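Welcome! Take a moment to look over the sequence and the model, and then let us walk through them together.

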Amino acid sequence: MASTELIAPGVARTAHFSALPDGRLQCDICPRECKLKDGQKGLCFVRERRGDEVVLTTWGRSSGFCVDPIEKKPLNHFLPGTPVLSFGTAGCNLTCQFCQNHDISKSREVDTLADQASPETIARAAQALGCRSVAFTYNDPVIFHEYAIDVAQACHELGIATVAVTAGYQKPAARAEFYRHMDAANVDLKGFTEAFYHRLASAHLDQVLETLLYLRQETRTWFEITTLLIPGENDSAAEITALSRWVVENLGPDVPLHFTAFHPDFRMRDKTPTAHATLAMARRIARAEGVNHAYVGNVLDVGRQSTYCPVCAERVIERDHYALGDWGLDPAGGCRACGTKIAGVFESIPGSWGRQRAPVRLADYEKALEMQPAHGALPPP
């Protein structure tokens, strides 16, 4: 059963807030520290002051569920080839002008939350669908902290892993609680200058770097990093060099970096799409700076999306977009050519989910669950 207390359907009690001398309550989930009068919502839209507490208003409610390839998160070194049950809610604690999921993350409409499911339903549906993991994605799970943790606990009871796709903008106490329940994460490092974060996301770079350092130094969570390269904003050779160098020096050479292509969207429709040559340049710089595993994304490029042994340079995982090809890892996750252990979380046999994307309506599973005994099998509806 979920550990979070519900005070109304979809409304959950929270713990990460504090009282201010002027009578307002401060939300302590993220560094934004929204200061709320009764009835006010935070910038994220989903955390709201009601009386003497701050509550989460989207517990158990989702913008939709879908079975994706794990590589779409993107995670290339965590259970490759396996399906992941993905979902998000609504709202976001950043204001990215280039948001590629703005219909969900910038939503202020309850109608966006078209599906609903308890944590137990999500876990059992993932099991029935053959998913090795559940991903909190589409919008940032930082803002639906309590719901994500409840789902993670239910998943772990069934041996299902959990994945956070996040911008990493959290306060220390909430961050520590959150990552106790996450098996893997992809952190969106949006750029590598404070000016970029301040102007285009209303956030601060150092807070995200703190999350990355925390993941590396204090957790066993497997994590990878993604940077969306926006022409003229964060795609200079100097910035990519600085980013890559920081990663190697502070996180180590084995943390995978994904450089992905921007397409005009939301409030940055005047920008051109990222050139393939820019992605290739970024990967080349990262490799030159010592990053062992650098990838390009949102384009078709088998050579630059495949994984290579950092010692003998043999290709160990071939990828064609999200589909796996030749597999060069031994059952222990080592390079078959030279035996070098490849960093990541691998199973002895890779998954074969491929490029499929299968929308799922969890409300149907919720009904099926009501008819099943506890811990009974839950077939697809």
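This is a predicted model: local features need pLDDT of at least 70, side-chain atom pairs count only at pLDDT 80 or more; totals for chains, interfaces and linings use all residues.

Residues are numbered from 1 along each chain as its sequence is written, and side-chain values use heavy atoms, leaving out hydrogens and water.

Now to the cysteine pairs. A disulfide is a covalent bond between the sulfur atoms of two cysteines. Here a disulfide is taken as a pair of cysteine sulfur atoms within 2.5 Å, and by this rule the count is zero. Cys-66 is in no disulfide. Cys-309, also buried at a relative accessible area of 3%, has its closest cysteine sulfur in Cys-338, too far for a bond.

| Cysteine | Closest cysteine sulfur | Distance |
|---|---|---|
| Cys-66 | Cys-131 | 9.5 Å |
| Cys-309 | Cys-338 | 3.5 Å |

Stepping back to the whole protein, buried residues make up 60% of its 381 residues. The protein has 10 helices and 21 strands (DSSP runs: H or I of at least four residues for helices, E of at least two for strands, numbered from the N terminus). Its C-alpha atoms fill a box of roughly 60 × 50 × 40 Å along the principal axes. Of the contacts (heavy atoms within 4.5 Å) with a separation of 6 or more, 66% join residues 24 or more positions apart.

Key: Buried means under 20% relative accessible area, exposed over 50%, partly exposed in between (1.4 Å probe, protein chains only).
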